[in-house]
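Student: I would like to learn how to read the features of a protein model. Please take them one at a time.

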Amino acid sequence: MSVLYLAGCVNKSTNTSRKDVDQWISLFNGKNLDNWVVKIHHHNFGDNYANTFRVIDGKIQVNYDGYNKFDERFGHLFYHQPFSSYHLRFKYRFTDQWMEDAPIFTFRNSGVMFHSQDPKSILKGQDWPISVEYQILAEETEGTARPTGNVCSPGTEVYYNGEIDPRHCISSTSSTYTWDKWMSGELIVRGDSIVHKVNGKVVLKYSKPTIGGGVVTGFDPAVKRDGKLLTEGYIALQSEGQGIEFKDIEIKILGEIAGR
């Protein structure tokens, strides 16, 4: 199946065209960060501090070579428009770069956020977006299980096995993989029903992501409307102290389109 570039498939309002439904669309052109915007904790919207997010050899790279200290600069690179029902696929690989003053949980840890609040509504002092996260992990110590493709819920809550689950992160059934291996992640979102896949295999299912819970700090109270069901939002790649690369980021719109 052919892959189209989204830049050539949108109308003047930047909403995805109906002709894009059920076709794979590339969200990343392999050359630059056109159609992506940055929000980093402690910095204003649009400030890509120290060139944290950059394009290297056809990949989006999270790189900290311009940092002296991490200083809780949790960052996110957002695609510029929201989506509702879709199939997202991407490839990722960790690098050997890690900021030692970052929280220990960030070691070989990153993520793809979705159903996120508008990045323009994230305050300068807000650490994470109110969103749902496809959490990416790799082996921490040899022989220790550490699955990838998990779900975490910053400022949100999800239903797992038919009931709301109080855990911030829920582990998938995936195997544990080494940090330097290219991995394939997939996210199938049909409104409030979510499926995670790793290397083509279903590893997690849950539903009804809803604003609520904790973890996120520094937010605008008007945005965190606890109890609101999330059926659309923005997609973002995470930077939280661990180097990582992303490539082949593609989306297929499934049925109804966000904003219509």
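**A charged patch, and how to read the rest**

Tutor: On the surface, Asp71, Glu72, Glu100 and Asp101 gather in a patch of negative charge. The model is predicted, so local features need pLDDT of at least 70 and side-chain atom pairs count only at pLDDT 80 or more, while totals for chains, interfaces and linings use all residues. Residues are numbered from 1 along each chain as its sequence is written, and side-chain values use heavy atoms, with hydrogens and water left out.

Student: What are patches made of?

Tutor: Patches are made of residues with over 30% relative accessible area and no salt bridge; like charges are joined within 9 Å, and nonpolar side chains (Val, Leu, Ile, Met, Phe, Trp, Tyr) within 5 Å. Lys and Arg count as positive, Asp and Glu as negative, and His and the chain ends are not counted. The place of a charge is taken as NZ of Lys, CZ of Arg, CG of Asp or CD of Glu. Accessible areas come from the Shrake-Rupley method with a 1.4 Å probe, and for residues only the protein chains shown count as cover.

Student: Where is Asp71 found?

Tutor: Asp71 is in the loop between strand S5 (59-62) and strand S6 (75-79). Strands (E, at least two residues) and helices (H or I, at least four) are DSSP runs, numbered from the N terminus.

Student: Why does Asp71 count as partly exposed?

Tutor: Buried means under 20% relative accessible area, exposed over 50%, and partly exposed in between (1.4 Å probe, protein chains only). Asp71 is partly exposed because its relative accessible area is 43%.

Student: What is a disulfide, and how many are counted here?

Tutor: A disulfide is a covalent bond between the sulfur atoms of two cysteines. The rule used is a pair of cysteine sulfur atoms within 2.5 Å. By this rule the count is one disulfide. Cys152 and Cys169 form a disulfide, with their sulfur atoms 2.0 Å apart. This pair links distant parts of the chain, 17 residues apart: Cys152 lies in strand S10 (residues 150-152) and Cys169 in strand S13 (residues 169-170).

Student: Why is the disulfide of Cys152 and Cys169 called right-handed?

Tutor: The torsion about the S-S bond of Cys152 and Cys169 is about 110 degrees, so the disulfide is right-handed.

Student: Is Cys152 buried or exposed?

Tutor: Cys152 counts as buried because its relative accessibility is 1%.

Student: What can side chains of opposite charge do?

Tutor: Side chains of opposite charge can pair when their charged atoms come close. A salt bridge is a side-chain nitrogen of Lys or Arg within 4 Å of a carboxyl oxygen of Asp or Glu. A search of the whole structure finds seven salt bridges. One of them joins Glu250 and Arg89, the closest N and O atoms being 2.6 Å apart. This pair links distant parts of the chain, 161 residues apart, with Glu250 in strand S18 (residues 242-253) and Arg89 in strand S7. Glu250 is buried at a relative accessible area of 14%, whereas Arg89 is partly exposed at 28%.

Student: Which side chain does Arg146 meet in a salt bridge?

Tutor: Arg146 meets Glu140 in a salt bridge, at 3.8 Å from N to O. Arg146 counts as buried, at 12% relative accessibility, and Glu140 as partly exposed, at 35%. Another salt bridge is formed by Asp226 with Lys224, where the closest N and O atoms are 2.7 Å apart. Asp226 counts as exposed, with 53% relative accessibility, while Lys224 is buried, with a relative accessible area of 11%.

Student: How many residues apart along the chain are Tyr92 and Asp248?

Tutor: Tyr92 and Asp248 are 156 residues apart along the chain, and their C-alpha atoms are separated by 8.8 Å. Tyr92 is in strand S7 (residues 86-98) and counts as buried, at 2% relative accessibility.
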